Amino acid sequence: MKKSKKKQRDQKRNMVKEEEFIKNFENTIKKTIEKYHLINPGEKVLVACSGGKDSTTTLYLLNKFNYNPEALIIDLEIGDYSRKNLNNIKLFCYDKGIKLHIVSFKEIYGYSMCYIRSILNSKYNLGSCHVCGILKRFLLNKKARELNFDKIATGHNMDDEAQNVFMNFIQGNISFCARLGPMTGQIKDKKFVPRIKPLYFSSENDVRKYSKLMNFPVVYEPCPCSVNTFRSFIGEILSKLEGENPAVKETLVKNLMTIMPALKEHYKTDEKLTYCDACGEPSKNKICNACKLIEKLRQ
Ligand code: AMP
Ligand code: ZN
């Protein structure tokens, strides 16, 4: 009898804790959107959905906060992993009444992501995430523009950003840091759709916890192509450092925000956009990175 009362009390305490966590988590994201003016009144937002916990959480919250988002998934056709993600996001959008756009990677590029990555990897030693990232960003921008969206929201979280900062510093690419922040794509251009990161100040652990508490239909395993990459190695180092200093990732991101205005000012002359001679999409060079990759593939 006594035991069951104690159990009930513990359960109640846990529920209160969970409710508090949910409230705080949602508040952080709401505040990020408002403080950095990520979405202006009347703007159309497209959430880039991988089917994973981060982008599903982003989509759920933008919908909950009444920004009326639509979703877009690029079907990368990485075997079972992509199939599960596609089914999950279809289910989620159907359930919430959110419009979902599906783009087939194979239809556009003629090959699955898996094939492209394996060729470029073996012939040119290009990393999977590097190849996938360039082609995904290119497609997202093109599709969002064609569908008349004002912003693209991604599920990038604080851990992703801390990895970016750390990698840029140790690889000597500090100028790349000027392009980071909760809203990227500071160069205004009619062909370029700015990207926003509402989960910018939310840790990966918190997003996972929230997604599990909310019972989102998502796969928690990482993309099979993203294991043993330089980024995953950096992620492990940062997590190890956090064992000794719990706020390492947050400190990296917050310090970046402190020096961001100076970085932007210092590197502003680097930030010029032109249009790719081959495809007409916005690019920093005569030929955009996506066209360069496709050209390598053809060779
Ligand atoms: P990743 O580059 O896999 O770490 O993903 C970063 C963000 O890009 C995700 O949080 C999503 O917002 C977006 N994203 C990743 N994969 C896809 C996909 N297949 N289709 C659309 N958006 C994606
Ligand atoms: Zn191009």
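A crossover is called right-handed if, with the strands pointing away from the viewer, the path from the first strand over the helix to the second runs clockwise. The model here is a predicted one, so local features need pLDDT of at least 70 and side-chain atom pairs count only at pLDDT 80 or more, while totals for chains, interfaces and linings use all residues. Residues are numbered from 1 along each chain as its sequence is written, chains are lettered from A and ligands numbered from 1 in the order in which they are written, and side-chain values use heavy atoms, with hydrogens and water left out.

A right-handed β-α-β unit is made by strand 2, helix 3 (residues 79–96) and strand 3. Helices (H or I, at least four residues) and strands (E, at least two) are DSSP runs, numbered from the N terminus. Opposite Asp75 stands Ser104 of strand 3.

Zooming out, six strands form an open sheet with mixed pairing, in the order 3-2-1-4-6-5. Its edges are strand 3 and strand 5 (183–184), each of which pairs on one side only. Elsewhere in the sheet, strand 4 (residues 151–153) pairs with strand 6 in the parallel sense, over two bridges. Ile152 has Arg195 in strand 6 as its bridge partner.

Now for the ligand. Strand 2 turns up again here, giving the most to the shell around ligand 1, with three residues. Among the residues around ligand 1 are Leu72, Ile73, Ile74, Lys136 and His156; being near takes a heavy atom within 4 Å. By class, this shell has six nonpolar, five polar and one charged residues. Taken alone, ligand 1 exposes 480 Å², and the protein buries 75% of that (Shrake-Rupley method, 1.4 Å probe).

Lys197 sits in the loop between strand 6 (195–196) and helix 9 (204–213). Lys197 counts as buried because its relative accessibility is 7%, and buried means under 20% relative accessible area (1.4 Å probe, protein chains only). The Lys197 side chain makes a polar contact with the side chain of Glu161, at 3.1 Å. Such a contact is a pair of N or O atoms within 3.5 Å; within protein, one must be able to donate a hydrogen and the other to accept it, and residues adjacent in sequence count only if both atoms are side-chain atoms.

Terms used:
Two strands pair if DSSP finds at least two bridges between them. Ala, Val, Leu, Ile, Met, Phe, Trp, Tyr, Cys and Pro count as nonpolar, Asp, Glu, Lys and Arg as charged, and the others, Gly among them, as polar. Buried means under 20% relative accessible area, exposed over 50%, partly exposed in between (1.4 Å probe, protein chains only).
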